[in-house]
Amino acid sequence: MADEAAQCIFCRIIAGEMESRKVYEDERAFACLDIRPGVKGHTLLMPKEHYPILPTLPQKEFEHLFGLLPTLLSALGGALGKTGANVFIANGAAAGQQSPHFLMHLLPREPMDSLNLYALRGEGALREHDELLPVLRQKLGKPGASSAARPPHLSNVDGETLFSEGGVVCVSPARPLVPGHLVLYPAEHAAFASLPKESSSNLFRAGTTLASLIFQLRSAQGTNLILKTGNADDNPGGFTALHVIPRTADDGLRLQWEPREMDLTPIAQQVSAMMPVREEKKVLKTITFREPMRIGGAPAPVTAREEIAAAIRNVQSVY
Ligand SMILES: [Zn+2]
């Protein structure tokens, strides 16, 4: 891993050894504009530590990165006046993974932006998908789970509910893109940007688990996780949905954008200005308590409360 990291272009960017148009950074996460953007504001979000693929992310990194998504997508959309967003994750070369460092693509979206890759409805995969369903029902289903168990805002979604728990509803779509294509919806009826960070990381946790299961069931060569949220031509209802798509090298799907020429400098400035300020860790002067003075064996008339107040005044005066 150390060797791999030493040669990794993204590790070098994070370390500041190579230039990038950074738009966000905190203790564990780093985000910069993609130098080959598919849309205006196309951003790469990655852990600072080197992990090659999503399933290798430790839980702490996972929760932090996916918990950040509602805030970062909202800031990105706000900065550029966009109405929606996609998050694109590729695991494996067959799914379009080009980086040795796990990262996700954040794609701000709006109607008529001509990036219409994510209709994510198929025509020819039904028979093979139907053959997988009994296994999926058995592995994922709960007795009594049905479309009736869905929250009301998802009642018109076409497909079969496979499970609904932990704030996530899993649907086998009526028109899968490929055999094994599943869709996860947050049970909350809310804009993705206003979801608590736990809901976002739960959604992606469920997606990652499902992706591994389907990868094995289908003997796939890779998987894509694609989040659709907000208004865009390929998401007319504006629903938030996480698509789990098993991939093979010869499946003929085209889910990757053509890079476009654009001047990234003003975009980076615009986006950075709206991003949450990273939490600086101030090194506070350690608060210590004096030994209570003892005069003639009796404790000094200094209460703990007064000691704390004095110590805080002392610390504040440093700043
Ligand atoms: Zn790396």
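Where does serine 219 lie? In this predicted model, serine 219 sits in the loop between α5 (197-217) and β9 (222-230). Its phi is near 50°, a positive value in a residue other than glycine. Serine 219 counts as exposed because its relative accessibility is 57%, against a cut-off of over 50%. Methionine 112 also has a positive phi, near 65°, and is likewise a residue other than glycine. The loop that holds methionine 112 runs between β5 (104-109) and α4 (126-140). With a relative accessibility of 76%, methionine 112 counts as exposed.

The metal site is described next. A zinc ion has four protein donors: Cys8 (SG), Cys11 (SG), His50 (ND1) and His101 (ND1). The angles subtended by the four donor atoms run from 104 to 118°, so the arrangement is tetrahedral. The criterion requires all angles to lie between 85 and 135 degrees. For four tetrahedral donors, the ideal angle at a metal is 109.5 degrees. Along the chain, the donors follow the spacing C-x2-C-x38-H-x50-H. Cysteine 8 belongs to the loop between α1 (2-7) and α2, and histidine 50 to the loop between β3 (43-47) and α3 (59-80). The pair therefore ties together parts that are 42 residues apart in sequence. Both residues fall under the 20% cut-off for buried. Cysteine 8 has a relative accessible area of 1%, and histidine 50 has a relative accessibility of 6%.

The largest pocket has a volume of about 610 Å³. Its lining comprises 26 residues. Phe10, Asp34, Ile35, Leu44 and His105 are the lining residues nearest the pocket centre. The most comes from α2, which gives three residues. By class, the lining has 14 nonpolar, eight polar and four charged residues.

Strand β2 also takes part in a strand pairing. Its partner is β1 (residues 22-25), and the two run in the antiparallel sense over three bridges. Lysine 22 has cysteine 32 of β2 as its bridge partner. Together β1 and β2 form a hairpin, with three residues between the strands. In a regular strand, side chains alternate between the two faces of the sheet.

Notes: Residues are numbered from 1 along each chain as its sequence is written. This is a predicted model: local features need pLDDT of at least 70, side-chain atom pairs count only at pLDDT 80 or more; totals for chains, interfaces and linings use all residues. Side-chain values use heavy atoms; hydrogens and water are left out. On a 1 Å grid over the protein atoms alone, a cavity is a set of points where a 1.4 Å probe fits but cannot get out, and a pocket is an open set with protein on both sides within 12 Å along at least five of seven lines; lining residues have an atom within 4 Å of a point. Grid points are joined across faces, edges and corners, and a volume is the space filled by probe spheres set on the points. Helices (H or I, at least four residues) and strands (E, at least two) are DSSP runs, numbered from the N terminus. Ala, Val, Leu, Ile, Met, Phe, Trp, Tyr, Cys and Pro count as nonpolar, Asp, Glu, Lys and Arg as charged, and the others, Gly among them, as polar. Two strands pair if DSSP finds at least two bridges between them. Donors are N, O and S atoms within 2.8 Å of the metal (3.2 Å for Na, K and Ca); water is not among the atoms, so sites may look incomplete. Four donors count as tetrahedral if all angles lie between 85 and 135 degrees; four count as square planar and six as octahedral if opposite donors are over 155 degrees apart and all others between 65 and 115; anything else is irregular. Buried means under 20% relative accessible area, exposed over 50%, partly exposed in between (1.4 Å probe, protein chains only).
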